[in-house]
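Let's walk through this one together, one question at a time. Keep the picture open while you read.

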Amino acid sequence: MKYLIVGLGNIGSEYADTRHNIGFMVVDRLAEAAGAKFVTDRYASFTEVKHKGRTLVLIKPSTYMNESGKAVKYWMNAEKIPLENVLVIVDDLALDCGVLRMKKSGSDGGHNGLKNIAEILQTVNYSRLRFGIGANYPKGRQIDYVLAPFTTDEVKTIDPKIDQACDMVKSFAAIGIEQTMNAFNNK
């Protein structure tokens, strides 16, 4: 069985380690733990890792955040992965820094990456792992905040949470979203 694990972020060194790239950070950690290397292909960097007899196709879209849906649709089709086996990892301003929540569907919450995925797939019924980045910014400075690196204190909070997010991804593939939500969402 194959699963498409989509880490949202923006390509380019100027975006590395920014709050908006937490999805990239999670799939990077998954790949690193498995000794897998990303290669550049159509609309994304990708690699595959195995977990409990399942293949996790990890992608980091190269389309920039606002056109992430192109990469998701292309890789779903190319790898013949059904919608129920897709998981999108996304930064979330509405959750405190380091809070993790898995959901089966939902609105885009103002997130342009999720909005584009819903537009391209014609549905909001895809799983997502929301990774809280907090909302500690002055009015009108949201873009500056999400495109800024994590503070030293935030890194101390998020680093172990990236490992937990990896565990949640593996659980999603191994036992499904319902059991994963029950096991992890209240931690």
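Q: Which residues of α5 do Ile22, Met25, Val26, Arg29 and Leu30 in α1 meet?
A: This is a predicted model, so keep that in mind throughout. On the α1 side, the contact uses Ile22, Met25, Val26, Arg29 and Leu30. Sorted by type, the residues of this α1 and α5 contact come out as nine nonpolar, no polar and four charged. The partners on α5 are Ile158, Asp159, Ile162, Asp163, Ala165, Cys166, Val169 and Lys170.

Q: Is α1 roughly parallel or roughly perpendicular to α5?
A: Helix α1 covers residues 22-34 and helix α5 covers residues 152-175, and their axes sit 9 Å apart. The packing angle is about 70°. Angles of 65 to 115 degrees count as roughly perpendicular, so α1 is, relative to α5, roughly perpendicular.

Q: What handedness does the crossing have where α2 passes α3?
A: Start with the geometry: α2 (residues 68-79) and α3 (residues 112-121) pack at about 45°, with axes 7 Å apart. That makes α2 oblique to α3. As for the way α2 passes α3, the crossing is right-handed.

Q: How many of the residues in the contact of α2 with α3 are charged?
A: From α2 come Ser68, Gly69, Lys70, Val72, Lys73 and Met76, while α3 brings Gly113, Asn116, Ile117, Ile120 and Leu121. Five of the contact residues are nonpolar and four are polar. The number of charged ones is two.

Q: Is Asp17 buried or exposed?
A: Asp17 sits in the loop between β1 and α1, and its phi is positive, about 65°, although it isn't a glycine. Most residues other than glycine have a negative phi. Its relative accessibility is 52%, and the cut-off is over 50%, so Asp17 counts as exposed.

Q: What is the relative accessible area of Gln122?
A: You'll find Gln122 in the loop between α3 and β7. Its phi is positive too, near 65°. Gln122 is exposed, with a relative accessible area of 68%.

How values were computed
Residues numbered from 1 in each chain as written. Predicted model: local features only at pLDDT ≥ 70, side-chain atom pairs only at ≥ 80, totals over all residues. Heavy atoms only, no water. Axes fitted to C-alpha atoms, helices over the stretch in contact; angles between N-to-C directions. Helix = DSSP H or I, 4+ residues; strand = E, 2+ residues; numbered from the N terminus. Parallel < 35°, antiparallel > 145°, perpendicular 65-115°, else oblique. Contact = heavy atoms within 4.5 Å. Nonpolar A, V, L, I, M, F, W, Y, C, P; charged D, E, K, R; others polar. Left-handed = near helix turned anticlockwise from the far one by under 90°. Buried < 20%, exposed > 50% of the residue type's maximum accessible area, 1.4 Å probe, protein only.
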